[in-house]
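I opened the model and kept short notes on what I looked up. The entries follow in the order I made them.

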Amino acid sequence: MSTDRIEVYVAPDGSPFADGSHGYPANDLAHGLDLVRRRREPGQRAVIWMAGGEYAHAEPVVFDATDSFTSVVAVDPADPPVLRGSVRIAGWRPVTVNG
């Protein structure tokens with residue numbers, strides 16, 4: 001078991017192709033969690049640092065037993081991340097029906 005913890009960074013303007021480093025953050029919690037799962041050794045601790053802003057998730061982010069010892073932490077508690085469980089729909093226009 002490794003004693004070093006894994007640290008992954010996530011930001012609303014991050015990339016779905018990112019490596020999760022501070023300079024190249026992942027784009028959402030699901031991607032950050034996937035990076036942790038691929039890198040971690042059994043029992044190794046992990047921290048997912050989330051920058052402030054809105055994160056839209058079209059599907060639930062599911063934690064399971066393999067995610068034990070994973071912490072999700074706001075980079076700045078004064079600017080917390082906001083997880084949205086829906087997809088924003090744009091392009092609405094008014095329509096008159098029956099008159």
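Is Arg5 buried, partly exposed or exposed? I am working from a predicted model, and in it Arg5 is partly exposed, because its relative accessible area is 47%.

**Entry 1, salt bridges.** I found four salt bridges in the structure. Arg5 pairs with Glu7, and their closest N and O atoms are 2.5 Å apart.

Next I took Arg38, which forms a salt bridge with Asp34 at 3.0 Å between the closest N and O atoms. The two sit four residues apart in helix 1, so about one helical turn separates them. Arg38 counts as exposed at 58% relative accessibility, whereas Asp34 is partly exposed with a relative accessible area of 32%.

I then checked Arg84, whose salt bridge is to Glu54, with the closest N and O atoms 3.4 Å apart. This pair links distant parts of the chain: Arg84 belongs to strand 5 (residues 81-84) and Glu54 to strand 3 (residues 53-56), 30 residues apart. Both are partly exposed, Arg84 with a relative accessible area of 39% and Glu54 at 41% relative accessibility.

I looked at the strand order and found an open sheet of three strands, 1-2-4, with parallel pairing. Strand 1 and strand 4 are the edge strands, each pairing on one side only. From one strand to the next the twist averages 20°.

Strand 1 and strand 2 run parallel and are joined by five bridges; Ile6 has Ala46 in strand 2 as its bridge partner. Between these strands the chain passes through helix 1, and this β-α-β crossover is right-handed. Strand 2 also pairs with strand 4 (residues 70-74) in the parallel sense, over five bridges, and there Ile48 stands opposite Val72.

How many residues of strand 2 are buried? I count four of the five, so the strand is largely enclosed by the rest of the structure.

The largest nonpolar core has 12 residues, among them Ile6, Val8, Leu33, Leu35, Ile48 and Tyr55. Strand 1 (6-15), helix 1 (29-39) and strand 2 (46-50) each supply at least two of the core residues. Helix 1 gives the most, with four. In soluble globular proteins, nonpolar side chains tend to be buried together.

Leu33 is in helix 1 and counts as buried because its relative accessibility is 2%. Beyond its neighbours within four places in sequence, Leu33 is in contact with Ile48, Val61, Val62, Phe63, Asp67 and Thr70. I also looked up Thr66, which is 33 residues from Leu33 in sequence and 11 Å from it in space, C-alpha to C-alpha. Leu35, not counting residues up to four places away in sequence, touches Val8, Ala18, Asp19, Gly20 and Ala26.

Which residues does Ser15 contact, leaving aside its neighbours within four places in sequence? I listed Tyr24, Pro25, Ala26, Asn27 and His31.

How values were computed: Residues numbered from 1 in each chain as written. Predicted model: local features only at pLDDT ≥ 70, side-chain atom pairs only at ≥ 80, totals over all residues. Heavy atoms only, no water. Core = buried A, V, L, I, M, F, W, Y, C linked by side-chain atoms within 4.5 Å. Buried < 20%, exposed > 50% of the residue type's maximum accessible area, 1.4 Å probe, protein only. Contact = heavy atoms within 4.5 Å. Pairing = 2+ DSSP bridges. Right-handed = clockwise from strand over helix to strand, strands pointing away. Axes fitted to C-alpha atoms, helices over the stretch in contact; angles between N-to-C directions. Salt bridge = Lys/Arg side-chain N within 4 Å of Asp/Glu carboxyl O.
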